[in-house]
Amino acid sequence: IMEILAVIARLYFAKKMVNLNIKQFALYVIIPSVIVILLGSLIPLALHIFIQTSYVRSICVILISGLTACSSIYLFGMTVSERTLINQIIRKKLMR
């Protein structure tokens, strides 16, 4: 709750100091971040809940967490131009 209040205060000051458009900020930063957080944590949380406690569960949760985090960031947290840039970098690395 304190962090949310701090973000609201920062947005207020940013709006006053640099005329930040809060609607655009919410549309391009806050909403994609919330989507990434929610979607990136659902599958690992489900694995954690439904798989019996063991080292295998830990390894699965760690691997799936990384995979779902990267996937949700790529699909929902990046703009088309950011994804294009990432694709170009990956292609360049693979061509070596």
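Reader: Ile86: buried or exposed, or in between?
Author: Ile86 counts as partly exposed, because its relative accessibility is 30%. Buried means under 20% relative accessible area, exposed means over 50%, and partly exposed is in between (1.4 Å probe, protein chains only).

Reader: Is this an experimental model or a predicted model?
Author: This is a predicted model, in which local features need pLDDT of at least 70, side-chain atom pairs count only at pLDDT 80 or more, and totals for chains, interfaces and linings use all residues. Residues are numbered from 1 along each chain as its sequence is written, and side-chain values use heavy atoms, with hydrogens and water left out.

Reader: Back to Ile86. Which helix is it in?
Author: Ile86 is in helix H4. Helices here are DSSP runs of H or I with at least four residues, strands are runs of E with at least two, and both are numbered from the N terminus.

Reader: What does Ile86 touch?
Author: Tyr74 and Met78, leaving out residues up to four places away in sequence. Contact means heavy atoms within 4.5 Å.

Reader: How far is Ile86 from Tyr74?
Author: Their C-alpha atoms are separated by 8.9 Å. Along the chain, Ile86 and Tyr74 are 12 residues apart.

Reader: How do H3 and H4 pack?
Author: H3 and H4 (residues 80-94) pack at an angle of about 130 degrees, and their axes are 9 Å apart. Axes are lines fitted to C-alpha atoms, for helices over the stretch in contact, and angles run from 0 to 180 degrees between N-to-C directions. H3 and H4 are therefore oblique to each other. Under 35 degrees counts as roughly parallel, over 145 as roughly antiparallel, 65 to 115 as roughly perpendicular, and the rest as oblique.

Reader: Which residues make the contact?
Author: H3 brings Tyr74, Leu75 and Gly77, while H4 brings Glu82, Arg83, Ile86 and Asn87.

Reader: How many are nonpolar, polar and charged?
Author: The contact of H3 with H4 has three nonpolar, two polar and two charged residues. Nonpolar covers Ala, Val, Leu, Ile, Met, Phe, Trp, Tyr, Cys and Pro; charged covers Asp, Glu, Lys and Arg; the others, Gly among them, are polar.

Reader: Now Ser72. Where is that, and is it buried or exposed?
Author: Ser72 sits in H3 (residues 55-77). Ser72 counts as buried because its relative accessibility is 4%.

Reader: What is Ser72 in contact with?
Author: Val36, Leu39, Gly40 and Gly77, setting aside its neighbours within four places in sequence.

Reader: How much of the whole protein is buried?
Author: Of its 96 residues, 9% count as buried.

Reader: What's the overall fold made of?
Author: Four helices and zero strands. From the N terminus, the order is α-α-α-α.

Reader: What about its radius of gyration?
Author: The protein has 18 Å, whereas a compact globule of 96 residues would be near 12 Å. The radius is taken over C-alpha atoms, and the globule rule is 2.2 Å times the number of residues to the power 0.38. The C-alpha trace spans about 50 × 45 × 15 Å along the principal axes.

Reader: Next, Asn19. What is its phi?
Author: Asn19 has a positive phi of about 55 degrees, although it is not a glycine. Most residues other than glycine have a negative phi.

Reader: Where does Asn19 lie?
Author: Asn19 is in the loop between H1 and helix H2 (22-50). Asn19 counts as exposed, with 65% relative accessibility.
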